[in-house]
Amino acid sequence: MTLAYVALGSNLEQPEQQVRAALAALGHLAGTEMVRHSSLYRTAPVGYADQPDFINAVALLDTALPPHRLLDELLALEQRFGRERSFRNAPRVLDLDLLYYDGVFLEDPRLILPHPRMHERAFVMAPLAEIAGGSTLPGVGDVAALAAALAGDGVERLDDEANPNKQEQA
């Protein structure tokens with residue numbers, strides 16, 4: 001089994017419900033268990049700005065699937081949720097990105113690991129820091145520090161009472 005981080009996002013058709021349903025579905029992928037996931041975050045769109053805000057989260061999975069097979073399962077899950085790829089950064093029902101697959105460095109036409117731009121995206125780094133703040137992205141830096149550097153980039157943590165991973169604030 002290998003630990004893998006997956007980013008989730010949605011801004012169509014009740015995005016909070018889409019992300020919650022996708023989190024549940026990730027834990028049911030073959031050979032895969034959900035270890036934990038972040039709270040939900042409301043974020044401004046990146047790239048194409050004329051669209052609704054996104055709901056984002058990050059999940060930590062323990063999986064027996066090799067990287068390309070996990071990617072295939074993520075793409076199939078997007079399709080089941082009704083994802084349409086009309087143009088780059090278009091609004092979407094569900095977006096799943098494989099961010100990191102423990103210890104694997106890979107670059108081919110289908111998949112680059114670790115994800116090459118995750119450290120530049122507050123909508124990825126804020127939820128990632130919530131569940132992996134003590135971690136380091138190889139070749140990039142400390143997750144918590146990277147997230148802190150992006151703080152204020154249009155990311156709002158939602159009050160997420162339904163998250164069993166939520167830690168109470170003192």
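A contact here means heavy atoms within 4.5 Å. By that rule, Met1 touches Gly31, Asp62, Thr63 and Ala64, leaving aside residues up to four places away in sequence. The model is predicted. Its mean pLDDT is 88.

**Start of the chain**

- Met1 sits in the segment before strand S1.
- Met1 counts as exposed because its relative accessibility is 59%, and the cut-off for exposed is over 50%.
- Met1 and Ala64 are 63 residues apart along the chain, yet their C-alpha atoms are separated by 4.6 Å.
- Ala64 is also among the residues that Met1 touches.

- Strand S1 spans residues 2-10.
- S1 is mostly covered, with eight of its nine residues buried.
- S1 pairs with strand S4, residues 54-63, in the antiparallel sense.
- Nine bridges make up the pairing of S1 and S4.
- Within S4, Leu60 is the bridge partner of Tyr5.
- S1 also runs antiparallel to strand S5, residues 95-101.
- Six bridges join S1 and S5.
- Leu98 in S5 stands opposite Val6.

- How many salt bridges does the structure hold? There are seven.
- One of them joins Glu156 and Arg42, whose closest N and O atoms are 3.8 Å apart.
- This pair links distant parts of the chain: the two residues are 114 residues apart.
- Glu156 belongs to strand S10, residues 155-157, and Arg42 to strand S3, residues 41-43.
- Glu156 is partly exposed, because its relative accessible area is 44%.
- Arg42 is also partly exposed, at 30% relative accessibility.
- Glu156 and Arg42 belong to a network of salt bridges that also takes in Glu16 and Arg20.

- Glu73 and Arg69 meet in a salt bridge through their side chains, at 3.4 Å from N to O.
- Why are these two separated by about one helical turn? They lie four residues apart in helix H2, residues 67-80.
- Is Glu73 buried or exposed? Its relative accessible area is 19%, so Glu73 is buried; the cut-off for buried is under 20%.
- Arg69 is partly exposed, because its relative accessibility is 40%.
- Glu73 also touches Leu29 and Leu65, not counting residues up to four places away in sequence.

**Salt bridges: Asp95 and Arg92**

- The side chains of Asp95 and Arg92 form a salt bridge, at 3.4 Å from N to O.
- Asp95 is buried, because its relative accessibility is 14%.
- Arg92 is buried too, with a relative accessible area of 13%.

**The largest pocket**

- The largest pocket has a volume of about 880 Å³.
- Its lining is made up of 37 residues.
- Which residues lie nearest the centre of the largest pocket? They are Asp95, Asp97, His115, Arg117 and Arg121.
- S1, S4, H2, S5 and helix H3 each give two or more residues to the lining of the largest pocket.
- S5 gives the largest share of that lining, with four residues.

**Helix H3**

- H3 covers residues 122-132.
- H3 is mostly covered, with eight of its eleven residues buried.
- Among the buried residues of H3 are Ala122, Phe123, Val124 and Met125.
- Pro127, Leu128, Ile131 and Ala132 are buried in H3 as well.

**Confidence in the model**

- Of the residues in the chain, 90% reach a pLDDT of 70 or more.
- Where does the pLDDT fall below 50? One such stretch is residues 166-170.
- Beyond near neighbours in sequence, residues 166-170 have five contacts in the model.
- Where pLDDT is low, the predicted coordinates should not be read in detail.

Key: Residues numbered from 1 in each chain as written. Predicted model: local features only at pLDDT ≥ 70, side-chain atom pairs only at ≥ 80, totals over all residues. Heavy atoms only, no water. Buried < 20%, exposed > 50% of the residue type's maximum accessible area, 1.4 Å probe, protein only. Pairing = 2+ DSSP bridges. pLDDT = per-residue confidence, 0-100. Salt bridge = Lys/Arg side-chain N within 4 Å of Asp/Glu carboxyl O. 1 Å grid on protein atoms, 1.4 Å probe; cavity = no way out; pocket = protein on both sides within 12 Å on 5 of 7 lines; lining within 4 Å. Points joined across faces, edges and corners; volume = space filled by probe spheres on them.
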